[in-house]
Amino acid sequence: MVWKWMFNQDYGLLNHLFNVKINWVTDPSIAMIAIVVVGVWGALGNNMILLLGGLQDIPKDYYEAASVDGSTGIHTFFHITIPLLSPMLFFIIQTGIMGALQLFDLPFMIMDQSSKAWPSVKTITYLFYEYAFERSNRGYGAAIIMLLICIISVITFILQKTEKKWVHYE
């Protein structure tokens, strides 16, 4: 509800801060951007906690050895921190893509279904809901979900195959 208020065209916080009058959730060309902003903001906290846990798991010995060898902060970041965080980054990327493909509630709560921008922000899971439950065409709904499962499986397969190139578990 807070995001709905922030995106409001007449009295929303974003329009007030930027001194503009933008139809954030009713303009079909901008509505998806608004949904993406809310989705990223919602996932940011969880991802930061995961990254913090990954950072705390890196032994300090690596940083001490790098400083003795004369490594700069940027060099240490790209050659110690990022490689040792790569398993956590891989997990965040993989679950983030899966979560984005399964998004249902966010557009449903922020958008008004009578809005002209509603067709531009429908997700595949909402399309399943619409066909299977609103139109009672469960076969078509099942086909949509099977397509989603295939898409997620292909993306997961590709990510798993590329994992060995950039994820370091030691």
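**Close-up 1. Helix 5 and helix 9 cross in a right-handed way.** This view comes from a predicted model. Two packed helices are described by the angle between their axes and the distance between the axes. Here, the axes of helix 5 and helix 9 (residues 138–166) come within 11 Å and cross at roughly 165°. Angles over 145 degrees count as roughly antiparallel, so helix 5 is roughly antiparallel to helix 9.

**Close-up 2. Helix 5 and helix 9 meet through their residues.** Which residues of helix 5 meet helix 9? Look for S86, L89, F90, I93, Q94, I97, M98 and L101. Their partners in helix 9 are L148, I151, I152, I155, T156, L159, Q160, E163 and W166. Sorted by class, this contact has twelve nonpolar, four polar and one charged residues.

**Close-up 3. The largest pocket has a volume of about 620 Å³.** It is lined by 28 residues, and the closest to its centre are G39, V40, A43, G96 and A100. Helix 3 (28–56), helix 5 (73–101) and helix 6 (105–110) each supply at least two lining residues. Which helix gives the largest share? That is helix 3, with 14 residues. The lining is made up of 19 nonpolar, eight polar and one charged residues.

**Close-up 4. The second largest pocket holds about 190 Å³ of space.** Among the residues that line this pocket you can find G54, D57, P59, H168, Y169 and E170. By class, the lining divides into seven nonpolar, two polar and two charged residues.

How values were computed. Residues are numbered from 1 along each chain as its sequence is written. This is a predicted model: local features need pLDDT of at least 70, side-chain atom pairs count only at pLDDT 80 or more; totals for chains, interfaces and linings use all residues. Side-chain values use heavy atoms; hydrogens and water are left out. On a 1 Å grid over the protein atoms alone, a cavity is a set of points where a 1.4 Å probe fits but cannot get out, and a pocket is an open set with protein on both sides within 12 Å along at least five of seven lines; lining residues have an atom within 4 Å of a point. Grid points are joined across faces, edges and corners, and a volume is the space filled by probe spheres set on the points. Helices (H or I, at least four residues) and strands (E, at least two) are DSSP runs, numbered from the N terminus. Ala, Val, Leu, Ile, Met, Phe, Trp, Tyr, Cys and Pro count as nonpolar, Asp, Glu, Lys and Arg as charged, and the others, Gly among them, as polar. Axes are lines fitted to C-alpha atoms, for helices over the stretch in contact, and angles run from 0 to 180 degrees between N-to-C directions. Angles under 35 degrees count as roughly parallel, over 145 as roughly antiparallel, 65 to 115 as roughly perpendicular and the rest as oblique. A crossing is left-handed if the near helix is turned anticlockwise from the far one by less than a right angle, and right-handed if clockwise. Contact means heavy atoms within 4.5 Å.
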